[in-house]
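Have the sequence and the 3D view ready, and turn the view as you read.

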Amino acid sequence: MLWSFTYFFCLLAAYYILRPLRDEMGVAGGVRNLQWLFTATFVVMLAAVPVYGALVARVRRRVFIPLVYHFFVVNLAIFWVLLTLGVERQTVARVFFVWISVFVLFAVSVFWSFMADVWRSEQGKRLYGFIAAGGSAGALAGPAITIGLAGTIGAVNLLIIAALLLEAAVLCARKLEVEKEISSERQDAVGGGAIDGILMVLRSPYIAGITLWVGLLSIAATFLYFEQAAIVAAASEDPAVRTRIFATVDLTVGLLTLALQFVATGKLIARFGVGPALALLPLVFAVGFVVLAAAPVLAVVIAFQALQRTANFAISNPAREVLFTVLERDEKYKAKSVIDIVAVRGADAAGGWLFTALRSLAAELRAIPVVAVVIAGACLFLAIVLGNRQERRASAARTERGAGRL
């Protein structure tokens, strides 16, 4: 459990060191170009998922997990060289925005696939809150490092610190393999083909429901991200000020999330179940967009963003990861990667173009909150359905294990 906690800490600390740089580069690349960046991210994801599926099918877990993170460390080294030399800043900014959007989904998806492979459903309900708190502590440390060191060593050199943290995450993953003493059978490559994950989503109503829930919430989150980018861009033309604003949001979210995860997450999910925990995030979106429509100012968008991300990371995301504990082992890696990577970024791209279309019609004040609330309502319904199905699957798995012992 402690290795899992530390693993997630290192992973998210690395990401949250980089996240304010990404958000600033997204603004530097042009707020009106964000939908193109989201679309480019989706295209890259489509190309990457079959490669990842083939890797998972053929390579043992203890090999491919370090391989994924080493690949991203090499990428960071390349970006460090380009940014240090000042090569085509706007172009590099756009590529970096796409890269980090790909990086975080792959890195976190690999982590939670590993966790679903290690922990059973009952364990996940009790322990995922604590394990996720490791990520929240990292999300707190990351922006604190960025705020404290960006002015001293320069923003570009923060990439080196992020790379070192990714290597520390690899060490934790290796230690976790040893500490859990998982059987050699469970460590073998899962087999199958490169596109099995897509077929699993299409065949299973349960997995398809998770995909739809994740995708719809990603569209709502994209609406909020675009609103935030526009409001922050209007608030200041200074890149340093904008970076500090984004880092301040990250720091606030980290503090709130960490407090909830240590104190309440595990107890709430175990007490009320997965469904109600999943339902919290769409409820926050519904209320938040109504308030933002009434007062589209910097303070409101920052508070809304902080609240929805806290609800997501502290409650709904650990509950979502419990949904995967009742899947077969190959589904935990292949179907989950399709959901976490393709579905999320596909929904981001769709949300970006939908937001742009609404904005071009000068209808955002009326239409965007209405669309967002409808999406949130659909997610609320799906949350209850998915929670019930997860409980049935977990109960069936417990019965099967009991029969096996007899």
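When we say that two residues meet or touch, we mean a contact, that is, heavy atoms within 4.5 Å. Helices (H or I, at least four residues) and strands (E, at least two) are DSSP runs, numbered from the N terminus. A quick word on the source: this is a predicted model, where local features need pLDDT of at least 70 and side-chain atom pairs count only at pLDDT 80 or more, while totals for chains, interfaces and linings use all residues. Residues are numbered from 1 along each chain as its sequence is written, and side-chain values use heavy atoms, with hydrogens and water left out.

Now for the whole chain. It has 14 helices and 0 strands. Of its 406 residues, 57% are buried, where buried means under 20% relative accessible area, exposed means over 50%, and partly exposed is in between (1.4 Å probe, protein chains only). Take the contacts between residues at least 6 apart in sequence: 88% of them join residues at least 24 apart.

Let's zoom in on helix H9, residues 205-235. Its 31 residues reach 45 Å from the first C-alpha to the last, close to the 45 Å expected at 1.5 Å a residue; that expected span is 1.5 Å times one less than the number of residues. H9 is mostly covered, with 23 of its 31 residues buried.

What does H9 pack against? One partner is helix H11 (residues 274-294), at an angle of about 35° and with the axes 11 Å apart. Axes here are lines fitted to C-alpha atoms, for helices over the stretch in contact, and angles run from 0 to 180 degrees between N-to-C directions. The crossing of H9 and H11 is left-handed, which is the name used if the near helix is turned anticlockwise from the far one by less than a right angle; clockwise would be right-handed. On the H9 side you'll find Trp213, Leu217, Ala220, Ala221, Phe223, Leu224, Glu227 and Ile231, and they meet Leu278, Leu281, Pro282, Phe285, Phe289 and Leu292 of H11. These residues divide into 13 nonpolar, no polar and 1 charged, counting Ala, Val, Leu, Ile, Met, Phe, Trp, Tyr, Cys and Pro as nonpolar, Asp, Glu, Lys and Arg as charged, and the others, Gly among them, as polar.

Pick out Leu217, in helix H9. Is Leu217 buried or exposed? It counts as buried because its relative accessibility is 7%. Leaving aside residues up to four places away in sequence, Leu217 touches Leu281, Pro282, Phe285 and Cys379. The C-alpha atoms of Leu217 and Ile375 are separated by 7.3 Å, though these two residues sit 158 residues apart along the chain.

Ser121, Gly124, Lys125, Tyr128 and Ala132 of H5 make the contact with Pro318, Glu321 and Val322 of H12.

Finally, look just after H5, where Gly154 takes a positive phi of about 95°. Gly154 lies in the loop between H5 and helix H6 (158-180), and it is partly exposed, with a relative accessible area of 24%. C-alpha to C-alpha, Gly154 and Thr84 are 10.0 Å apart in space and 70 residues apart in sequence.
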